[in-house]
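Okay, hi everyone, thanks for coming.

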Amino acid sequence: MGATDNQGSFLNRISIRRNQVVSMDGNHEQELEDLEHFQKDVADRFSDLLSPPEDCPSGPILSIAWVRKLLDVFLCCEAEFKAVLLMGRDPSQITKAPLDRLVPEFLDRVVKALDICNAVSHGIESVRHFQKLAEIAVSALEQRPLGDGQVRRAKRALHSLVTAMAVEDKEGGANKATERSWSFGRRQGVAAPSKDRAVGHFRALSWGMSKGWSAAKQIQAMSSNLVAPKGNEASGLAQPVYIMSAIMLSVMWMLVTAIPCQERTGLITHFPVPRNLSWAQSMISLQEKIAEEWKKKEKKGSAGLLEEMQRMEKLGQSLIEFADSFQFPAEAEKLEEVAAQVAELAENCRRMEEGLVPLQLQIRELFHRVVRSRTEVLEVLDQGGKHSAPIM
């Protein structure tokens, strides 16, 4: 049974059960069963992300196809969470302790997640620019016979590509504001060298957030006060609120590691989720796997962990080496080796062309879905507040 089918049966079960009951206060066993099903669905979905079933391959971890699957998982979990928390429930239950504290904290995390969605959407524009530069190089290097002119054209595009991918991590935040306005000024006036144009264009695409905004700080803020419920709270509504908070934090963090985002220096690699929680084990394993790659990335510097970007960067560096040593006419054996790399880069660009726009649309869908859900929760809180207000 697929994730969507699972979700449909889960939501239908809750809807039917709660429509048959006037008040949920006396149905603790049913509440526990709903919570157990929710936790099982979360565990199964993240297990599939960690080790995809053979009949449903989603590509390597942090590939475009895998990130799209990650967003599907988030949307399914979010729909089930909302059903567990709100469907057929007396609004006054949401305003009781500890939810009177936990739900507002959750809604604050939602706002931060929306900011990250905006930043990631801008970052995808940068990745599409990288793709276009790679396509220029592919077009030039596919020409036969391959001469000095084609190689120079490919080399310029590849240098622009590698420079743009590296600039975010290799330059300190203190200089960015100055350099940003400088690059805009150069682009508006005197023509800048190709390297400067690449840097300026990257910034123009990726800096859609306010000047002091930091993806790393947003993630850090989302993780603060995130504590697993204990005692009686672990079997109540505090638990699904905690689970969804942890999922949201984890998914936003994975997006930030994969896609170029503003200010990722100091991004956390440890999360406040206990290992003994059955629903969280696959999610924690994913976090640890990605965190190891992120630590390597921070040391060498690159635009992000997206599989297609890393492959593009590796092929780009190799083809630059070829271009630097190129002499016409090139040896047949070397041309054959380069042709294989160019074909691989072309295939990589094709996957990006097919996947990046749908990925961006999916992030927008997630954004609007979460905005709607936040509004629904606020309305329930408002109703609960009115019901619990003393009668004068």
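This is a predicted model: local features need pLDDT of at least 70, side-chain atom pairs count only at pLDDT 80 or more; totals for chains, interfaces and linings use all residues.

Residues are numbered from 1 along each chain as its sequence is written, and side-chain values use heavy atoms, with hydrogens and water left out.

Back to E263. You'll find E263 in the loop between α9 and α10 (281-300). Its phi is near 55°, a positive value in a residue other than glycine. Why point that out? Most residues other than glycine have a negative phi, and most peptide bonds are trans. N225 does something like that too, with a positive phi of about 60° although N225 is not a glycine. N225 is in the loop between α8 (215-223) and α9, and N225 is exposed, with a relative accessible area of 56%.

Now the peptide bonds. The one from R144 to P145 is cis, with omega near 0°, and P145 lies in the loop between α4 and α5 (148-170). The bond from F328 to P329 is cis as well, with omega near -5°. P329 is placed in the loop between α11 (307-324) and α12.

So what about the whole chain: how many helices and how many strands are there? The protein chain has 12 helices and zero strands. Helices here are DSSP runs of H or I with at least four residues, strands are runs of E with at least two, and both are numbered from the N terminus. Of the 392 residues in the chain, 50% count as buried. Also, among contacts between residues at least 6 apart in sequence, 81% join residues at least 24 apart; contact means heavy atoms within 4.5 Å.

Let's zoom in on a helix pair. The axes of α4 (residues 99-141) and α9 (residues 238-258) come within 10 Å and cross at roughly 15°. Axes are lines fitted to C-alpha atoms, for helices over the stretch in contact, and angles run from 0 to 180 degrees between N-to-C directions. That makes α4 roughly parallel to α9, where roughly parallel is under 35 degrees, roughly antiparallel is over 145, roughly perpendicular is 65 to 115, and the rest is oblique. Residues making the contact include L99, F106 and R109 of α4, and A238, S245 and M252 of α9.

Next, Q341, in helix α12 (residues 332-388). Is Q341 buried or exposed? Q341 is buried, with a relative accessible area of 17%. Leaving aside residues up to four places away in sequence, Q341 touches L315, S318 and L319.

Last stop, the cysteines. The structure holds zero disulfides, a disulfide being a pair of cysteine sulfur atoms within 2.5 Å. Take C77: its sulfur is 6.9 Å from the closest cysteine sulfur, in C76, too far for a bond. C77 is buried at 0% relative accessible area, and C349 is buried at 3%.

That's my tour, thanks!

Key. Buried means under 20% relative accessible area, exposed over 50%, partly exposed in between (1.4 Å probe, protein chains only).
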